[in-house]
2 protein chains.
Amino acid sequence: MKLTSKGRYAVMALVDLARFDNINPVSLRDISLRQGISLDYLEQIFSKLKKNEIVKSIRGTQGGYVLNKNPNEIKLTNIFHAVDEKVKTVQCKKESKKGCNGKATKCITHNLWDELEIHINTFFENKSLKDLLNNNKETRV
Amino acid sequence: MKLTSKGRYAVMALVDLARFDNINPVSLRDISLRQGISLDYLEQIFSKLKKNEIVKSIRGTQGGYVLNKNPNEIKLTNIFHAVDEKVKTVQCKKESKKGCNGKATKCITHNLWDELEIHINTFFENKSLKDLLNNNKETRV
DNA sequence: AATAAACTTGACCATTTTAGTCGGGTATGT
DNA sequence: ACATACCCGACTAAAATGGTCAAGTTTATT
Ligand code: FES
Ligand code: FES
């Protein structure tokens, strides 16, 4: 049960972006340096964020990315969905009529994992980028 | 963000066990057949459950496993902990003074992932094996 | 017009994790 | 004796992860 770097980085990068994009487009190079994330990897991530209309790109010198929506309209759900960081607790195909291991019945714990999935997704649906902007400066340890 | 089979199987197997161990010890072979889980894999899992005093073993013919505690005392947390299915949302070492990527500060999303981890763990702490016994027969699809 | 910054695309890859398998044991009820 | 069932450690194929690399295109600036 772990979060992958792709999802973590996507959120990190967007928080960074949201802080600075009022002034100018923010280049991935800057985000890379500030957050310590590989530039090449960021490009992959932003390509997906763009396809999902979470950010807009501006090409050329002085270009970069800007948010495509208000920070309070961007939920973690949206971000995670964009970069394919999905919550998957059940083993069976969700829409299939079959259970785990190709059995005809749903397994005895299926309902439990469904509950868990909802529980987690609720968290993501209730958090927007805006929530992360306040009171979340880097905290010295 | 996904649940691994080890954790899923551990819970599945224990629910199965809890249903039948009032009468006789339950053999892994039976669980394997009923739940469609590889016997060899179950042995690995039960070895850990035993070390963590969640189940007791009885060797020899007619042997098997029985619960070592009341179903309402066995939380999902305990089960997951036993089989090393841990919830890990942050990238940094939890107790280290360093953040992600060896930086001296905690990253801007660290608090968020901490919150998430707590959110998920709360779910596991509030569910016991007993909760899963009622109303959780295999449901025909 | 030349240059350099920055986005775009797609292929490639090493490492780690997962989900097992396999081959030997040892204990014990019948 | 013998079959059942637990016990233990090593091994491994396949998938996922977390990137890197190469070769573009676009556009602001000089
Ligand atoms: S998780 Fe859906 S049937 Fe097992
Ligand atoms: S998650 Fe802890 S510092 Fe990034």
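A residue counts as buried with under 20% relative accessible area, as exposed with over 50%, and as partly exposed in between, using a 1.4 Å probe and protein chains only. By that scale D84(B) is partly exposed, with a relative accessible area of 45%.

This is a predicted model, in which local features need pLDDT of at least 70 and side-chain atom pairs count only at pLDDT 80 or more, while totals for chains, interfaces and linings use all residues. Residues are numbered from 1 along each chain as its sequence is written, chains are lettered from A and ligands numbered from 1 in the order in which they are written, and side-chain values use heavy atoms, without hydrogens and water.

**Chain A**

Chain A has six helices and four strands; helices (H or I, at least four residues) and strands (E, at least two) are DSSP runs, numbered from the N terminus. Their order from the N terminus is α-α-α-β-β-α-β-α-α-β. The C-alpha trace spans about 60 × 30 × 30 Å along its principal axes. Of the 141 residues of chain A, 45% are buried. Where the separation is 6 or more, 63% of the contacts in chain A (heavy atoms within 4.5 Å) join residues 24 or more positions apart.

**Helix α3 of chain A**

Helix α3(A) covers residues 39-51, and its 13 residues should span 18 Å at 1.5 Å a residue, in agreement with end C-alpha atoms that are 18 Å apart. The expected span is 1.5 Å times one less than the number of residues. Buried in α3(A) are L42(A), I45(A), F46(A) and L49(A). Seen down the helix axis, these buried residues fall within an arc of 100°, so they line one face of α3(A); the arc is taken from the directions between the helix axis and the C-beta atoms. They pack against α1 (5-20), α2 (28-35), β1 (55-58), β2 (64-67) and α4 (76-82) of chain A. D40(A) and K51(A), on the other side of α3(A), are exposed.

At the start of the helix, a side-chain oxygen of S38(A) comes to within 3.4 Å of the backbone nitrogen of D40(A). Just after α3(A), E53(A) has a positive phi of about 60°.

**Positive phi in loops**

Most residues other than glycine have a negative phi. Q62(A), which is not a glycine, has a positive phi of about 65°. Q62(A) sits in the loop between β1 and β2 of chain A and is exposed, with a relative accessible area of 69%. D84(B), also not a glycine, has a positive phi of about 60° and belongs to the loop between α4 (76-82) and β3 (105-106) of chain B.

**Surface near DNA strand D**

DNA strand D is surrounded by 27 residues, the closest being S38(A), R59(A), K50(B), S57(B) and Y65(B); a residue is near the strand if one of its heavy atoms lies within 4 Å of it. These residues divide into six nonpolar, 14 polar and seven charged. At least two residues each come from α1 and α3 of chain A and from α2 (28-35), α3 (39-51), β1 (55-58) and β2 (64-67) of chain B. Of the atoms of DNA strand D within 4 Å of the protein, 61% belong to sugar or phosphate and the rest to bases.

| Protein atom | Base atom of DNA strand D | Distance |
|---|---|---|
| E43(B), polar side-chain atom | base nitrogen | 3.4 Å |
| R59(B), polar side-chain atom | base oxygen | 3.3 Å |
| T61(B), backbone N or O atom | base oxygen | 3.3 Å |

Note on methods: Contact = heavy atoms within 4.5 Å. Polar contact = N/O pair within 3.5 Å; in protein donor to acceptor, adjacent residues only side chain to side chain. Nonpolar A, V, L, I, M, F, W, Y, C, P; charged D, E, K, R; others polar.
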